[in-house]
Amino acid sequence: MKDKRITLSHGAGGRLSHDLIEEYFVPCFDNDPLRALDDSAVIPVQSGQANRLAFTTDSYVVKPLFFPGGDIGRLAICGTVNDLAMAGARPLGLTASFILEEGLSLEDLKQVLVSMKGAAAEAGVAVVAGDTKVVEHGAAEGLYITTAGIGQIPDNVTITSAQAKPGDAVMVSGPIGDHEIAVLMARGEFSLQGEVESDCAPLNSLVQAMLKVCPAIHSLRDPTRGGLATVLWEIAQASGKGVVVEEGAVPIRKEVKGVCDLLGFDPYYLANEGKLVAFVPEKEAAKVLKAMQKHPLGKEATVIGKVTLGNPGKVLLHTPIGGHRLLEPLSGEQFPRIC
Amino acid sequence: MCLGIPGQIVSITENQLAVVDFNGVRREVSLMLCPELAVGDYCLVHVGFAMQRLEPEEAQETMELLDEFLEASGESS
Amino acid sequence: MNPHNRPDEGRLAPRLIEEITRLADSPMRLMEVCGTHTVAIFRSGIRSMLPPGVELISGPGCPVCVTPAGEIDRAIALSRREDMILATFGDLMRVPGSSSSLQEERAQGRAVRVILSPLDAVKIAEEHPDKTVCFFGVGFETTSPAIAAAVMEAQRKGCNNFYLLSSQRLIPPAMRALLSAGKVNIDGFILPGHVSVVIGKAPYCFLAEEFSLPGVITGFEPLDILEGIYLLLRQRKEGRTEIEIQYSRVVQKEGNPRARGIMGEVFAPVDARWRGLGTIPASGLALRDGFSQMDATQAFDLPLQDIAETPGCLCGEVLQGLVRPPECSLFGTRCTPEDPVGPCMVSTEGSCAAYYKYGRGNEG
């Protein structure tokens, strides 16, 4: 039957709830711990030299649900995998909790689940537990997803924002701002047309490739909401060091720059979902950069700056004309401006 | 006080509306204030209106003039 | 090719700085009238490159900064009406009125739409014939022709649910008022490039003729601004006082007469209040009689309250270039971009916000 939709009965815990899980969720995420349908998923821990766990959670509420380069499902998997990866962890398992709006088409739900399955496969991780609730029409927008993830950190890896050291090379894995601009254009709010795709991708294999050549990476962050500027500022604050960035070195696609010009946005504050910022010891920088550039998700990786002893807690941007200015974290929402 | 962005006219529809390309991103722009603009022209756009025709050759020229002037004054100082 | 693109700016900028330094043998205080210049100056780090003798002072050219709180209150009152969609530029969303902002109103479920073009507001009116759509239009001469064109378009299409709340202001009268007050100490003006696209060169000639002050109509790329500063210094060196056009790749001497024509057809100059500057004769724009049916102030009961400025807020002095933002005791403490007290902290192009965001702790 075409155009079947979620009803409140799907969330009542009875037969329909069971059918929804059996027909849609279980076959899609198909794995042993999930298939058991017990109250908790039981997952094996790889023994060996990884005695610390990374544990994270995030909620996803994007509008529209589908956009060029991704959808809410792909976002929910990648976001949590990336949070684990930024601690140097290998993901062991994810959970996914769904708030479904009454009236959501089952076709859309299916599409989101298939996309989640694909992203999880890319990341080499399974969704081992989940939950579903239905809220009445108007109480949500389509669906919301909360994912949580657990991962194991190799004993020789310690990555935190506080560890940035003077001399560290600051790198980004590719052009910034694609995700936020892609979603903004997909919303159609400002009648902008253009081919910008979200960068939404799981970064754990890129991080593994980097750690393989340099387990001593000091700091890793994925610049999601708040963008590059906010992440750099947070690392400067946490480490008590200064960060100097060469503005001309920060990669930005021309279409993203075009939208920023039109709306008066600052690209340093735009959200990314498949990029990372790495603070790497000076001597290892070339090696790490090469490893990044060999990886499909780091082809456009580049060094954008370095850590300094001076200007502690601040991010200084060197402008192409030879001036400098401070880069502050994002404050509030960026509104398009005419001035 | 006013952002003005250069763009290039891709096509003109009826009612003095044009599609303008800004670095690969396109938006509809009104030509009411610059009706003489044609497809291929560059223009300065503010709040969805073309405000002025731009001449890339002229921009190039003034740029070269500045360059030459700075060269000359650099040698004499 | 993008006509603003200057790939060799990294090479030319230091050379311009050299020339500026050579000419800056005595102090020169220059006012950039336009807030977009203020932002461009901070974003490009120009202040960090200038010799100590050259001081840049931010002027009153930010519509958000000079719009009195009472006018924001009127827009907020409109947004609270049933069946109302209030459309406005994003710049205005955070500006505090006396007790709320449009952003806060939107959070409470009012239909406040951020638009890019005044024509978007007309489109909203067409798409929602059952609603009343009001465009809260701020802007200077650059924006007014576009607002005028949208008003004509709404009339042509017979959109009888479209209204305009005009909060527009004109630059030359404000500059005259600023200079006539006799408080400011300025040696020259970096004149607004995009306002000049519309009005051309003539409206600034009084600066040179009556006040013996030079002005250069300047573009917004870093090299444009450096060249504008250089041209002002060169005038002093050569003993000239005139209005020059640096931004000649965009600005015509005569401006855009068609844009001015449309603006004049729809709007008539009226006295207007400016935050920090008081009431300035013929410095605002109101709809002419033929369009008065779209005038929100006539269609709705919208009394204009005189709202006192917050005690301690020096936005008025900042707008006149009398104090620099960090000299205000609220700056960075009670007044931040997240929780602004005065409008100069709200607008991204406001001097206070620009100082906070791009220049805090990074002076000189």
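User: How much area do domain 1 of chain A and domain 2 of chain A bury between them?

Analyst: Buried area is the accessible area (1.4 Å probe) that two parts lose on being put together, summed over both. Here domain 1 of chain A and domain 2 of chain A bury about 1,700 Å², with 62% of it on carbon and sulfur atoms. On the domain 1 side, P68(A), N82(A) and M86(A) lose the most area, together 32% of what that side buries. Please keep in mind that this is a predicted model, where local features need pLDDT of at least 70 and side-chain atom pairs count only at pLDDT 80 or more, while totals for chains, interfaces and linings use all residues. Residues are numbered from 1 along each chain as its sequence is written, and side-chain values use heavy atoms, with hydrogens and water left out.

User: Where do the two domains of chain A run?

Analyst: Such bounds come from an automatic or database domain assignment. In chain A, domain 1 covers 8–153 and domain 2 covers 161–326.

User: How many residues of each domain are in contact?

Analyst: Contact means heavy atoms within 4.5 Å. By that rule, 22 residues of domain 1 of chain A touch 22 residues of domain 2 of chain A.

User: And how many salt bridges does the rule find across this interface?

Analyst: A salt bridge is a side-chain nitrogen of Lys or Arg within 4 Å of a carboxyl oxygen of Asp or Glu. Across the interface of domain 1 and domain 2 of chain A, the rule finds 0.

How values were computed:
Chains lettered and ligands numbered in written order.
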